[in-house]
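I opened the file and kept notes as I went. The entries follow in the order I wrote them.

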Amino acid sequence: MRRRDLDFFKKLLTHRLEELLMEAEKTKHTVKGAEELSSDPIDQASDQLDRDFLLRLRDRESKLMAKIKGSLEKIENGTFGVCEECGEAISLKRLRARPMATLCIDCKHEQEASEKKNNLEIPIEVSRLWTHG
Ligand SMILES: [Zn+2]
């Protein structure tokens, strides 16, 4: 990949990471605030819901942050934009849409296809368990 493209993605990812860090900081304060507010049971229940939502959000944020950090590391060590599966270059078009992509479009499709296949196999496993139980 050209230096200019790498710089573009580095800026893009760094900016996204900073945004997420700011969001995470806000979420942390909100969660802390929810802990302090617990006067009557109904409020407590809704506080709990809010907190679950925020914790899930934070979980998702931290996973996303890990992905972005991973991509930034790849830029540093020169493996950014290389498919982890087949070693081919991931297209710039795909990277512009999904800068954290680690698979080329072909490998991604293959992964999705096998995930779908696995999902279809689950009910069979479940029914087998049921007949045994
Ligand atoms: Zn690939």
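**Confidence and provenance**

pLDDT is the predictor's confidence in each residue, from 0 to 100. The chain average is 85, and 83% of the residues score at least 70.

I note that this is a predicted model, where local features need pLDDT of at least 70, side-chain atom pairs count only at pLDDT 80 or more, and totals for chains, interfaces and linings use all residues. Residues are numbered from 1 along each chain as its sequence is written.

**Secondary structure**

I counted four helices and zero strands. Helices (H or I, at least four residues) and strands (E, at least two) are DSSP runs, numbered from the N terminus. The pattern along the sequence reads α-α-α-α.

**Helix H2**

I checked the length of H2, residues 41-77. Its 37 residues should span 54 Å at 1.5 Å a residue, and the end C-alpha atoms lie 53 Å apart, so the two agree. The expected span is 1.5 Å times one less than the number of residues.

Is H2 buried or in the open? Two of its 37 residues are buried, so H2 lies largely in the open. For burial I count other C-beta atoms, placed from the backbone, within 10 Å of a residue's own: 20 or more is buried, 12 or fewer exposed, in between partly exposed. Just after H2, Gly78 has a positive phi of about 80 degrees.

**Burial and core**

Buried residues are 8% of the 133 in the chain. The largest nonpolar core has eight residues: Phe9, Leu13, Ile68, Phe80, Ile90, Leu95, Ala101 and Cys104. A nonpolar core is a set of buried Ala, Val, Leu, Ile, Met, Phe, Trp, Tyr and Cys residues joined through C-beta atoms within 7 Å.

I then listed contacts for Leu95. Leaving aside neighbours within four places in sequence, Leu95 is in contact with Phe9, Gly81, Ile90 and Ala101. Contact means C-beta atoms, placed from the backbone, within 7 Å. Of the chain's contacts between residues at least 6 apart in sequence, 53% join residues at least 24 apart.

**Two residues looked up**

Arg94 is in helix H3. Arg94 is partly exposed, with 16 other C-beta atoms within 10 Å. Not counting residues up to four places away, Arg94 touches Ala101 and Ile105.

Leu20 sits in helix H1 (residues 3-36). Leu20 has 15 C-beta neighbours inside 10 Å, so I log it as partly exposed. Not counting residues up to four places away in sequence, Leu20 touches Glu61, Leu64 and Met65. Leu20 and Ile68 are 48 residues apart along the chain, and their C-alpha atoms are separated by 10.0 Å.

Terms used: Contact = placed C-beta atoms within 7 Å.
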